[in-house]
Amino acid sequence: MRDSEDFRENLFSCLGGNWPEPCPLDPVLEDSIARHGYRIEKVTYQVEPGERVPAYVLIPDGVTPKLPAPGIAVWHQHNNIWTIGKSEPAGLIGDSAHFTGVALAREGYVVLCPDALCFEERQDSILRGGDFERFVFLRYLVNGKSLAWKYILDMRRAIDYLCSRSDVNADAIGCYGHSLRSISTWLVGPWEPRLKCLVGNCSLPTYSAI
């Protein structure tokens with residue numbers, strides 16, 4: 001048991017240490033699109049003061065606050081394509097093999113597909129693609145944290161948002177990640193007890209390898 005606690009403490013320290021106090025989510029619904037068997041809501045919510053995350057929420061037909069459904073957060077792949085983030089798992093652009101959110105919505109889950117930092121709508125207007133990602137990586141590093149720490153923080157806020165929705169069963173929350181986001185899924189597990197199931201596809205190193 002002590003070894004497990006030591007591991008957790010060491011991992012936490014290496015990632016970057018304490019999480020900030022959560023700020024209000026302040027969710028905003030921007031648009032709603034009807035699809036066959038589900039609808040897509042375009043939303044934003046706050047992860048840190050002044051920093052909002054754009055996301056798509058896929059809601060199956062028949063799911064309401066009176067008939068809530070389990071929720072799943074789906075983290076998009078990296079693939080060195082910074083212009084595509086949330087839109088791929090939401091089935092709007094990209095490779096149909098990664099329209100995971102659509103497949104899960106058709107199985108009856110409320111699915112949240114957020115943009116990761118540096119992707120799609122969370123890019124920079126001056127530094128583009130990998131240049132911005134490297135800048136962000138170094139910005140966190142010189143402040144004693146890691147980009148993985150930021151990924152986990154944003155993922156935990158995504159779970160806050162899912163649990164805040166009245167059409168989601170907050171006792172039945174999971175997450176799925178592909179490629180780099182598979183690693184993020186692996187990392188968020190120790191810090192997010194609300195997640196009942198974590199599924200990673202591709203790129204699953206051990207903690208010691210990370």
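How many helices and strands does the chain have? It has five helices and seven strands. Both are DSSP runs, numbered from the N terminus: helices are H or I with at least four residues, strands are E with at least two.

A word on the source. This is a predicted model, where local features need pLDDT of at least 70, side-chain atom pairs count only at pLDDT 80 or more, and totals for chains, interfaces and linings use all residues. Residues are numbered from 1 along each chain as its sequence is written, and side-chain values use heavy atoms, without hydrogens and water.

Now the order. From the N terminus, read α-β-β-β-β-α-β-α-α-β-α-β.

Next, overall shape. The C-alpha trace spans about 45 × 45 × 35 Å along its principal axes. A compact globule of 210 residues would have a radius of gyration near 17 Å, and the chain agrees, because its value is 17 Å. That radius is taken over C-alpha atoms, and the globule rule is 2.2 Å times the number of residues to the power 0.38.

What about contacts, meaning heavy atoms within 4.5 Å? Take those between residues at least 6 apart in sequence: 62% join residues at least 24 apart.

On to burial. Of the 210 residues, 49% count as buried, which is under 20% relative accessible area with a 1.4 Å probe, protein chains only.

Finally, look at helix α5, residues 180–188. How many of its nine residues are buried? Seven, so α5 is mostly covered. They are Arg181, Ser182, Ile183, Ser184, Thr185, Leu187 and Val188.

Notes: Buried < 20%, exposed > 50% of the residue type's maximum accessible area, 1.4 Å probe, protein only. Contact = heavy atoms within 4.5 Å.
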